[in-house]
Amino acid sequence: MNGNCNGRGGIGCVESEYIRRHHTHDDLADHQCSSALVKHIKAPVQLVWSLVRRFDQPQKYKPFISRCVVLGNLEIGSLREVDVRSGLPATTSTERLELLDDDEHILSIRIVGGDHRLKNYSSIISLHPEIIDGRPGTLVIESFVVDVPDGNTKDETCYFVEALIKCNLKSLADVSEHLAVQDRTEPINCM
């Protein structure tokens, strides 16, 4: 990677490379929008992953989810029914686990039902270790693709979904960083 790489929206070379490698969605149709968001979290990747990988407990860090029930065994293809807190234009969502990679720290889900307007929604979230202020940190990247509902523009749809993801990522950072402070992770010696 060269040093003069300029990514969009504050996304740098390292982030762009991770997006290229891990955030491949099917070809984007004219009636869909897609985006990738980045969050740097001051907590070790193992701690952050312990929250993200819990397909059965997204409410641990996603503030808009009040309840989650997994149907059947927890494995690729499993479905979860989530109840959405009031204030959003939805009450339930049915989601399928597409990928859970504990080695690469990648989780992918697809929304397959529910009373909302997010049709053909899929997301990929990946975690990558980094050093922040001399301590173990985590680079989190979440990307999505979704159909643009009738009556909305691509910009409106992307703005809405990005706002939800930003809120979830901020909450993930808050919960993770609080747990990391409790663990009192030692600084890494960078000699």
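**Figure 1. R110 and its partner across two strands.** R110 has S122 as its bridge partner in β6. The model shown here and in the other views is predicted. Strands β5 and β6 run antiparallel and are joined by five bridges. Strand β6 covers residues 122-132, and eight of its eleven residues are buried, so the strand is mostly covered, buried being under 20% relative accessible area. Strands of a sheet pair through backbone hydrogen bonds, either parallel or antiparallel.

**Figure 2. L107 in strand β5.** Strand β5 takes in residues 106-114, and L107 is one of them. Is L107 buried or exposed? L107 has a relative accessible area of 8%, and it counts as buried because this is under 20%. Beyond the residues up to four places away in sequence, L107 touches W49, V52, L97, L99, L100, S123, I124 and I125. Between L107 and N168 there are 15 Å in space, C-alpha to C-alpha, and the two are 61 residues apart in sequence.

**Figure 3. The hairpin of β6 and β7.** Strand β7 (residues 135-147) pairs with β6 in the antiparallel sense, over eleven bridges. Within this pairing, P136 in β7 stands opposite I131. Two residues lie between the strands of the hairpin, and D133 takes a positive phi near 55°.

**Figure 4. Q32 in strand β1.** Q32 belongs to strand β1, which spans residues 32-41. With a relative accessible area of 11%, Q32 is buried, because the value falls under 20%. A polar atom of the Q32 side chain lies 3.0 Å from the backbone nitrogen of A29. Which residues is Q32 in contact with, leaving aside its neighbours within four places in sequence? They are D27, N120, V145, V146, D147, V148 and K154.

**Figure 5. The sheet as a whole.** Seven strands form an open sheet in the order β1-β7-β6-β5-β4-β3-β2, with antiparallel pairing. At the edges are β1 and β2 (65-71), each of which pairs on one side only. From one strand to the next, the twist averages 25°. Elsewhere in the sheet, strand β3 (residues 79-84) and strand β4 (residues 92-101) run antiparallel and are joined by five bridges. E81 has T94 as its bridge partner in β4.

Figure 6. Helix α1 spans residues 13-22, and its buried residues are C13, E15, E17, Y18, I19 and H22. What do the buried residues of α1 pack against? They pack against β1, β5, β6 and β7. Helix α1 lies across these strands and runs at about 50° to β7. Helix α2 (residues 45-52) also packs on the sheet, where it touches β1, β4, β5, β6 and β7. The direction of α2 makes about 160° with that of β6.

**Figure 7. The largest pocket.** Rolling a probe the size of a water molecule over the atoms shows where empty space is left. The largest pocket holds about 680 Å³ of space. How many residues line the largest pocket? The lining has 36 residues, and I111, L118, Y121, F160 and L164 lie nearest the centre. At least two lining residues come from each of α2, β3, β4, β5, β6 and α3 (154-183). Helix α3 supplies the largest share of the lining, seven residues.

How values were computed
Residues are numbered from 1 along each chain as its sequence is written. This is a predicted model: local features need pLDDT of at least 70, side-chain atom pairs count only at pLDDT 80 or more; totals for chains, interfaces and linings use all residues. Side-chain values use heavy atoms; hydrogens and water are left out. Helices (H or I, at least four residues) and strands (E, at least two) are DSSP runs, numbered from the N terminus. Buried means under 20% relative accessible area, exposed over 50%, partly exposed in between (1.4 Å probe, protein chains only). Contact means heavy atoms within 4.5 Å. Two strands pair if DSSP finds at least two bridges between them. A polar contact is a pair of N or O atoms within 3.5 Å; within protein, one must be able to donate a hydrogen and the other to accept it, and residues adjacent in sequence count only if both atoms are side-chain atoms. Axes are lines fitted to C-alpha atoms, for helices over the stretch in contact, and angles run from 0 to 180 degrees between N-to-C directions. On a 1 Å grid over the protein atoms alone, a cavity is a set of points where a 1.4 Å probe fits but cannot get out, and a pocket is an open set with protein on both sides within 12 Å along at least five of seven lines; lining residues have an atom within 4 Å of a point. Grid points are joined across faces, edges and corners, and a volume is the space filled by probe spheres set on the points.
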